[in-house]
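Here are my notes on this model. Please keep the structure open while you read.

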Amino acid sequence: MSRYGCQSMAAPMTRVLMRRPGASLKRADPAEWHYNDHFDADKAIAQYDAFTELVQASGSEIVWIEDDGDGLSDAMFTRDASLITRAGAVLFQMGKPLRAAEPELHGRHYEAAGIPVLGRLTGDACIEGGDTLWLDDSTLVVGMGFRSNREGVRQLNALLGPHGIEVLGFDLPVWDGEAACLHLMSVISPLTDDLYLVHPKLIPAALWTLMKARGITLVTAPEAEFHDSLGLNLNVMPLAPGDCLMIDGFPGTRAVMERHGIRVRTFAGDALCMACEGGPTCLTNPILREA
């Protein structure tokens with residue numbers, strides 16, 4: 001049985017790539033890394049440990065990348081540097097220059113874990129994993145903003161097309177500017193294969209139309225909580241269909257999901273997620289999801 005392959009956003013997660021923050025996060029300059037006033041490295045590490053306990057309790061095997069003081073403080077957001085498919089891993093190129101070394105870091109750990117590298121982006125191509133979303137197991141959507149670009153979509157299509165996967169690119173808005181992190185998954189979170197939590201105002205109209213045509217139910221999160229959370233109330237990570245993790249403190253968003261039959265578990269994430277611009281989906285790169 002295969003030990004890798006993830007072409008779903010919500011099927012039960014049984015293996016996942018994660019990086020435990022440590023020395024690099026403690027030495028991070030918040031201004032350089034675009035962390036905000038919520039940032040507290042020791043508190044963030046404690047919050048990460050609590051998050052890890054929830055992932056482990058689900059039974060998912062964690063493939064660890066350790067923070068050995070390499071200075072890559074954003075590398076705890078393992079979603080962004082690579083993509084796992086049933087054909088193998090694709091190593092991305094990062095839109096944030098400080099993160100340039102992360103894809104090869106992933107590649108070394110995939111090799112050690114027995115996961116083949118199908119290919120990598122080159123030249124001017126950029127994609128970050130937070131901009132990727134599986135509509136189904138043969139359709140991958142990419143949000144093109146300041147972190148992912150059209151050349152990245154072209155190269156990813158060339159890599160994945162021979163394996164029966166179509167990659168569709170949709171333009172994202174400027175929102176809070178070039179330094180801020182607006183990923184596609186900042187505004188869309190699949191809760192099951194056909195139920196998505198969304199912030200409609202920042203979703204490309206063509207993608208909205210496509211999702212509705214695919215029979216996906218779009219549930220709107222409270223706009224006030226989107227702004228209060230810096231967009232992270234939308235960053236909800238399914239352990240399995242309808243069984244999700246989110247950061248604490250946004251009861252309106254939680255209530256919306258629970259009204260639609262979703263089990264929601266929370267963890268404190270102000271110093272970790274809100275400070276560093278990444279929630280539970282960003283902190284995990286699923287290696288294997290099995291229907």
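**Notes on a lysine, a helix and a pocket**

1. Lys96 is buried: its relative accessible area is 11%, and the cut-off for buried is under 20%. Bear in mind that this is a predicted model.

2. Where does Lys96 lie? Lys96 sits in the loop between β4 (88-91) and α4 (102-112).

3. Which residues touch Lys96, leaving aside neighbours within four places in sequence? Lys96 is in contact with Trp33, Asp74, Glu128 and Arg147. Asp80 is another residue to look at. Asp80 and Lys96 are 16 residues apart along the chain, and their C-alpha atoms are separated by 10 Å.

4. The buried residues of α4 are Glu102, Pro103, Leu105, His106, Gly107 and Tyr110. Their cover includes β1 (13-20), β2 (61-66), β3 (82-85), β4, β5 (117-120) and β15 (285-289).

5. Gly114 comes after the helix, and its phi is positive, near 80°.

6. Now the second largest pocket. It holds about 190 Å³ of space. Its lining has 13 residues, and the closest to the pocket centre are Gln7, Arg86, Arg289, Glu290 and Ala291.

7. How does the lining of the second largest pocket divide into nonpolar, polar and charged residues? There are 4 nonpolar, 4 polar and 5 charged residues.

Definitions and conventions: Residues numbered from 1 in each chain as written. Predicted model: local features only at pLDDT ≥ 70, side-chain atom pairs only at ≥ 80, totals over all residues. Heavy atoms only, no water. Helix = DSSP H or I, 4+ residues; strand = E, 2+ residues; numbered from the N terminus. Buried < 20%, exposed > 50% of the residue type's maximum accessible area, 1.4 Å probe, protein only. Contact = heavy atoms within 4.5 Å. 1 Å grid on protein atoms, 1.4 Å probe; cavity = no way out; pocket = protein on both sides within 12 Å on 5 of 7 lines; lining within 4 Å. Points joined across faces, edges and corners; volume = space filled by probe spheres on them. Nonpolar A, V, L, I, M, F, W, Y, C, P; charged D, E, K, R; others polar.
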